[in-house]
Amino acid sequence: MRSAGVHVLRLALAHRFTSTTQCCSATAGISAPHLLHATSPSSQEQPEQACSTSYSGQVTPTSHSRTYWTSNSRLQHTAVAQPQGGSIDDQALDSATSISHVDPYAVVQPEVKAISERLRHSVSSTVPVLKQAAEYFFRKGVEGKRLRPTLVMLMASALAHTPPASEYHGVDLRPAAEPTHELRRRQQRIAEIAELIHVASLLHDDVIDEASTRRGILSLNATVGNKVSILSGDFLLARASVTLGALRNTEIVELMSQILEYLVSGEIMQMTATQEQTLDMDHYLQKTYCKTASLMANCMRAVAVLEGLSPEVCNTAWSYGRHLGLAFQIVDDVLDLTGSASILGKPALNDLKSGVATAPVLFAAEQQPELCTLIRRKFKSAGDLDRAVQLINQSDGIQRARDLAKHHCLMAAEMVHGLPKPASDHAVLARQALIVMTHKLLDRKK
Ligand code: FPP
Ligand code: MG
């Protein structure tokens, strides 16, 4: 076993998140919505596993399988690929000093730049208002970090037999509906679809949350109104559907379509949560998988499926995305409490204002029972917001949420070790980048 692998396992085992939601335990073990169980086996997704959290239990790694205890004492086994040990490449991967300098964005930057360019073309419309609205968050300067396309191309590189030829750094301006049989282009299409779905979900989310800013500028709804904003999101989804259909692969269509199902389910879970559900950590984590992690997880799996890899490797890639996605959202929820609107580029304390209790608040409520009352009434009475912030600051809720995010980052890093042995220096670099991404995510300030 390699040194970093051992370190990761030790840390993962050290993190036992006991579900002691004293005042908040009424609905521990709540089931996911029925539609989360409607997955066909062909997609290889295991819905219970998809929504399991490993929050409340210990993680018991073995060389070839993983067992999660959920808070309702369900045992869940996930087949993951056996870590490939002992090679010089792996040693390079494991040495903390050798990877700290890796810039994950730089590793696939030419391709992500080309994907961004293709996206700018693909969201154009002949209808002027739609063109202006759909292009809004794809313009240079407000296109965000391109985290999802970067992750997709990094996983593609980590799994590839050969590094991508330089021709794939060029912009592919073939029409969305035109099928392509080149593997790397097909994986680039997954990156493109991921970004289209992500931006569409933000457009819808900002309408629901009545947000006034996003990415440091006015939100689209604040600019063109709710109706055009929603329809622009639909337009982006339509573009994503055309690109998806052109892949001519029903398994991939199913995987990527499930993301939409989960996104909507997550949003509805949040919106319709009962008083007790808003106090329940399992409900929070299931919702978080649906709202955020499912996109990353299913994209990672799609890349592995296109590569023609075994179900175990596809699962491992999926698990990486799931853990990273959960960590990403937990950090986001911490930043909502600790960050300022000017740094975040979107309103701060948004979750509390929307009546949503996230991981740091739920952890804080275990120490500050008064918070449970505020959560139940969705922070709607006068003075609730200020009091909630005060109580959270008097607890270690923020630190415990950070620890939970760290746990998922460690698990994501461990999944990278379970991927097949890297076949080239570029694949080694991509694997290192996937690990560094977990560090960057924890340290991010916005
Ligand atoms: C941000 O959450 C929102 C999401 C991660 C997903 C939103 C999903 C929907 C609105 C369902 C519709 C989906 C599609 C594909 C049209 P947040 O409000 O916690 O984060 P924020 O602070 O960035 O707004
Ligand atoms: Mg929002």
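## Residue classes around ligand 1

Asp, Glu, Lys and Arg count as charged, Ala, Val, Leu, Ile, Met, Phe, Trp, Tyr, Cys and Pro as nonpolar, and the others, Gly among them, as polar. On this basis, the shell around ligand 1 in this predicted model holds six charged, five nonpolar and four polar residues.

## Composition of the shell

Ligand 1 is surrounded by 15 residues, of which D205, D209, R214, K291 and K346 are the closest. Three helices, α9 (183–208), α12 (250–272) and α14 (281–306), each contribute at least two residues to this shell.

## Polar contacts and burial

For R214, a side-chain N or O atom is 2.7 Å from an oxygen atom of ligand 1. The corresponding distance is 2.8 Å for the side chain of D209 and 3.0 Å for that of K291. The protein buries 91% of the 630 Å² that ligand 1 exposes when taken alone.

## A nonpolar surface patch

I208, V264, I268 and M271 make a nonpolar surface patch of about 360 Å². Helix α12 supplies the largest share of this patch, with three residues, while I208 lies in helix α9.

Terms used
Residues are numbered from 1 along each chain as its sequence is written. Chains are lettered from A and ligands numbered from 1 in the order in which they are written. This is a predicted model: local features need pLDDT of at least 70, side-chain atom pairs count only at pLDDT 80 or more; totals for chains, interfaces and linings use all residues. Side-chain values use heavy atoms; hydrogens and water are left out. A residue is near a molecule or strand if one of its heavy atoms lies within 4 Å of it. A polar contact is a pair of N or O atoms within 3.5 Å; within protein, one must be able to donate a hydrogen and the other to accept it, and residues adjacent in sequence count only if both atoms are side-chain atoms. Accessible areas come from the Shrake-Rupley method with a 1.4 Å probe; for residues, only the protein chains shown count as cover. Helices (H or I, at least four residues) and strands (E, at least two) are DSSP runs, numbered from the N terminus. Patches are made of residues with over 30% relative accessible area and no salt bridge: like charges are joined within 9 Å, nonpolar side chains (Val, Leu, Ile, Met, Phe, Trp, Tyr) within 5 Å. A salt bridge is a side-chain nitrogen of Lys or Arg within 4 Å of a carboxyl oxygen of Asp or Glu.
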